[in-house]
Amino acid sequence: MTLALSRKALSAIAERVDEAQTNGRSLTLPTEAHEGFDMACGYAVQDLLRDRWKVRGRRLVGYKAGLTSRAKMAQMKVDTPTFGFITADMAVPDGGICPTRLLSRPRVEPEIAFVLKPDIAAALRTEADVLAATDFIAPAIEIIDSRYADYKFDLPSVVADNSSSARYVIGGRPRRPAELDLRTIGIVVVQNGEVVGEAASGAVLGNPARTIIMLSQWLEDRGEALEGGSLILTGGACEAQLVSAGDSVCARFQDMGDVTVRFV
Ligand code: OOG
Ligand code: MG
């Protein structure tokens, strides 16, 4: 496939995104700076970013999907889910502390996380395939960040910014898939003692397992395959909330326990 930008131009963008992510700096949108920057360019930058991370020894542990719920699509004014990669060093322990110094505009969102079994089928096409391939499901808070100044947002640029990934907290009480009805888990987000978000797990594509089907298909289309053991964040179930130093956030998941994080 021919891309609208040269490999050199895409590498230069990946370098700038990497620098902004590492140091909490702001960038202009690639779509404003480069004529023709589209989704294919966004994913090409994301791949280059992943290569840079690997060279630095950052360990990839799985994937994130974004914009999989109506609430998130409406909040960000888009209608297409996106994907990204997550690494071991993005994890914050449950009940732990998340420094904000290297984040630009952190936001939190509650997500259902899946951890796949070590050996899984090459392609997961149905909900039953996903559940059979799942080791356990855990509640999560994703801490997203955008490196683009003034909250500017468009899909190709966000994809180049690894779908706004920054940190994640996995916690609560992990459950086996057979113990849950993934369409109806109640989720409440509490920030500094106030309820700021509510959803049912089915807000994510009717059933967050469908995120994994989409992810599996997306990987297959690009000649890759979902790896056994992957951790997958299935997408925010309700609107993301801005956070800053001093905030405490707790996401309460029905029958799955709480996930908490404090920002400093
Ligand atoms: C894009 C990332 C979206 C989700 O769960 O919907 C995402 C953004 O909102 O900046 O992670
Ligand atoms: Mg998310």
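Mentor: Cys-98 has its place in strand β3 (residues 96-98); strands (E, at least two residues) are DSSP runs, numbered from the N terminus. This is a predicted model, in which local features need pLDDT of at least 70, side-chain atom pairs count only at pLDDT 80 or more, and totals for chains, interfaces and linings use all residues. Residues are numbered from 1 along each chain as its sequence is written, while chains are lettered from A and ligands numbered from 1 in the order in which they are written.

Trainee: Is Cys-98 buried or exposed?

Mentor: A residue is buried if 20 or more other C-beta atoms, placed from the backbone, lie within 10 Å of its own, exposed if 12 or fewer, and partly exposed in between. Cys-98 counts as buried because it has 23 C-beta neighbours inside 10 Å.

Trainee: With which residues is Cys-98 in contact, leaving aside its neighbours within four places in sequence?

Mentor: Two residues are in contact if their C-beta atoms, placed from the backbone, lie within 7 Å. For Cys-98, these partners are Val-92, Ile-143, Arg-167, Val-261 and Phe-263.

Trainee: How many residues surround ligand 1, and which are the closest?

Mentor: A residue is near a molecule if its C-beta atom, placed from the backbone, lies within 6 Å of it. Around ligand 1 there are 15 residues, the closest being Gly-66, Lys-72, Ser-164, Gly-235 and Gly-236. Elements giving two or more residues to this shell are β1 (60-66), α4 (70-76) and β5; helices (H or I) are DSSP runs of at least four residues.
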